[in-house]
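Please look at the sequence and the structure below before reading on.

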Amino acid sequence: SRGGFCHHGSEATPLPIALEPMERKLSLAIGPDADARFRLHFWTTGGGNDTAVYARLNHTLLAPALVPRSDEKDTDDHYAADVPAGVIRAGHNELALWCSIPLREAGGPMVCHEVLVEARYP
């Protein structure tokens, strides 16, 4: 969770995690509103300009896109991906994140610091 006055989330996820070509799996607990439309957000630091980031949610490949920075002082990269209907379910969900560059080849490791699941209601 990114915090704030109106935030509801599950238990803390084991973050931060270093990303590499091997999937890193995180558990996401979702409440009873699994019928909402969802968007997945995550924030990273490190890696290079040519580092690609990948995500899989409940065995469904997502296409995370880099969100343009709104503040020049922001040092984190923000990625977002829309989740197809029916992929998220109430209860336990499994998120896998990975990147295209091995840790030893990157100028610095790419690290995922935060994950947020945004729910949009019709």
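Does His59 count as buried or exposed? His59 counts as exposed, because its relative accessibility is 69% and exposed means over 50%. The model is a predicted one, and this value, like the others below, is computed from it.

**Two residues in one loop**

His59 is found in the loop between S4 and S5. Asn58 lies in this loop too, between strand S4 (53–57) and strand S5 (60–62). Asn58 is not a glycine, yet its phi is positive, at about 50°. His59 also has a positive phi, near 70°, in a residue other than glycine. What is the relative accessible area of Asn58? The value is 9%. Asn58 is therefore buried, since the cut-off for buried is under 20%. The table sets out the values for the two residues.

| Residue | Phi | Relative accessible area | Class |
|---|---|---|---|
| Asn58 | Asn58: about 50° | Asn58: 9% | Asn58: buried |
| His59 | His59: near 70° | His59: 69% | His59: exposed |

**The sheet**

Five strands form an open sheet, in the order S1-S9-S3-S7-S6, and their pairing is antiparallel. Which strands stand at the edges of this sheet? They are strand S1 (17–19) and strand S6 (65–67). Each of these two has a single partner strand, so one side of each has no neighbour in the sheet. From one strand to the next, the twist averages 45°.

S6 is joined to strand S7 (residues 77–83) by three bridges, and the two run antiparallel. Within this pairing, Val67 stands opposite His78 in S7.

**The chain as a whole**

How many helices and strands does the protein chain have? Its secondary structure comes to zero helices and nine strands. Read from the N terminus on, the elements run β-β-β-β-β-β-β-β-β.

The protein chain has 122 residues, of which 35% count as buried. Asn58 is buried as well. The chain exposes about 7600 Å², and carbon and sulfur atoms supply 52% of that area.

A last value concerns contacts along the sequence. Taking the contacts between residues at least 6 apart in sequence, 80% join residues at least 24 apart.

Key:
Residues numbered from 1 in each chain as written. Predicted model: local features only at pLDDT ≥ 70, side-chain atom pairs only at ≥ 80, totals over all residues. Heavy atoms only, no water. Helix = DSSP H or I, 4+ residues; strand = E, 2+ residues; numbered from the N terminus. Buried < 20%, exposed > 50% of the residue type's maximum accessible area, 1.4 Å probe, protein only. Contact = heavy atoms within 4.5 Å. Areas by Shrake-Rupley, 256 points an atom, 1.4 Å probe, with all protein chains shown as cover. Pairing = 2+ DSSP bridges. Axes fitted to C-alpha atoms, helices over the stretch in contact; angles between N-to-C directions.
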